[in-house]
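Dear colleague,

I am passing the structure on to you below, and after it you will find a short account of what was found in it. Please read the account with the structure open beside you.

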Amino acid sequence: MPYNTVILLGPTAVGKTVLGVRIASHCGWDIISADCRQVYRGLDIGSGKDLADYSVQSKQVPYHLIDIVTLEQEYNVFNFQQDFYALFDEFSQKHKMPFVVGGTGMYLDSIVRGYEFVPVPENASLRSDLAGKSLAELGEMLLSLKPDLHNKSDLLDRERTVRAIEIQLFMQSDAYKSQCEFYQKQQKPKVNAIVLGTTLPREILRARISKRLRERFEQGMIAEVEQLHQDGYSWERLEKLGLEYRYISEYLEGKIKTEEELFAQLNHAIQQFAKRQETWFRGMERKGVVIHWLPPVEDIEAKYEAALALLRR
């Protein structure tokens, strides 16, 4: 079966957007963003939307799944998959190729390997019962429900631990079985993706991350986070967004004392995040996903030509 979806993935700061826009402009495609924070309105500098980059020679490249929800909502991999499927059907009817660009590994994997999801509703009664328990007690409860828990980070955050308990209990219920039967009957589109990967040597990537972070400080990233808080979003909500929003919130709360210390801690965190992204992509390959890696060079033109050559096969 020939491919019916094109994906361009890679870690942060490698230039996915610029390359993706070049490819999309040449092929007459729209871009579907696969970024777990760019979906939120108001998260502009910190999430790296760079919307000015979505044009080539004054020609705008249309984009999707950017600025589609507010921070009052929780957008997750299930939401992304459903939104992608809707766009896939829409594009298929128009005989247009879906072109996904991003670095959120789980979002990308969910469409390449067709994750099976059953949405789990919030359980207000359960949450009320758990309200008086300590984080340690919640952790013990979660481990008793799921002794083989792989994502230990769920044990470090109260809200995530409660949600994980909620999911595990729901999966033991008759309602879960009914939901499974319902979603198994639904027709999912048959996605056959060609996956292009772009990255850079580690030292070059480290330098680009540091340079980009300094530029974002100069562009007003701290003021952006401060404005979000003034608009009514709690520090807890902003910290949950991770990386830039977490560290800058902690700085504005006084938990990080100086801007220099903020830069150092955040820069290190983003470097580690880039490593985790590449680890995730290697994991996708181990699970059978073929990623066609473009030349690991900074020259966008070389990557662009290599990408077009792969797409012509």
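Gln 38 is found in the loop between β2 (31-34) and β3 (55-56), where helices (H or I, at least four residues) and strands (E, at least two) are DSSP runs numbered from the N terminus. This is a predicted model, in which local features need pLDDT of at least 70 and side-chain atom pairs count only at pLDDT 80 or more, while totals for chains, interfaces and linings use all residues. Residues are numbered from 1 along each chain as its sequence is written, and side-chain values use heavy atoms, with hydrogens and water left out.

Is Gln 38 buried or exposed? At 7% relative accessibility Gln 38 counts as buried, given that buried means under 20% relative accessible area, exposed over 50%, and partly exposed in between (1.4 Å probe, protein chains only). The side chain of Gln 38 reaches the backbone oxygen of Ser 47 at 3.0 Å, and a polar atom of that side chain lies 3.1 Å from the backbone oxygen of Gly 48. Leaving aside neighbours within four places in sequence, the residues in contact with Gln 38 (heavy atoms within 4.5 Å) include Ser 33, Leu 65 and Asp 67.

**Salt bridges**

Side chains of opposite charge can pair when their charged atoms come close. A search of the whole structure finds 23 salt bridges, a salt bridge being a side-chain nitrogen of Lys or Arg within 4 Å of a carboxyl oxygen of Asp or Glu.

One of them joins the side chains of Glu 116 and Lys 188 (3.4 Å, N to O). This pair links distant parts of the chain, 72 residues apart, with Glu 116 in the loop between α3 (105-112) and α4 (124-130) and Lys 188 in the loop between α7 (174-185) and β7 (193-197). Glu 116 is exposed, with a relative accessible area of 60%, whereas Lys 188, at 30%, counts as partly exposed.

Another salt bridge is formed by Lys 255 and Glu 239 (3.5 Å, N to O), and here too the pair links distant parts of the chain, with Lys 255 in the loop between α11 (243-252) and α12 (259-286) and Glu 239 in helix α10 (residues 235-239), 16 residues apart. Lys 255 counts as exposed at 51% relative accessibility. Salt bridges that share partners also join Arg 37, Asp 50, Arg 216 and Glu 244 into one network.

With kind regards

Key. A polar contact is a pair of N or O atoms within 3.5 Å; within protein, one must be able to donate a hydrogen and the other to accept it, and residues adjacent in sequence count only if both atoms are side-chain atoms.
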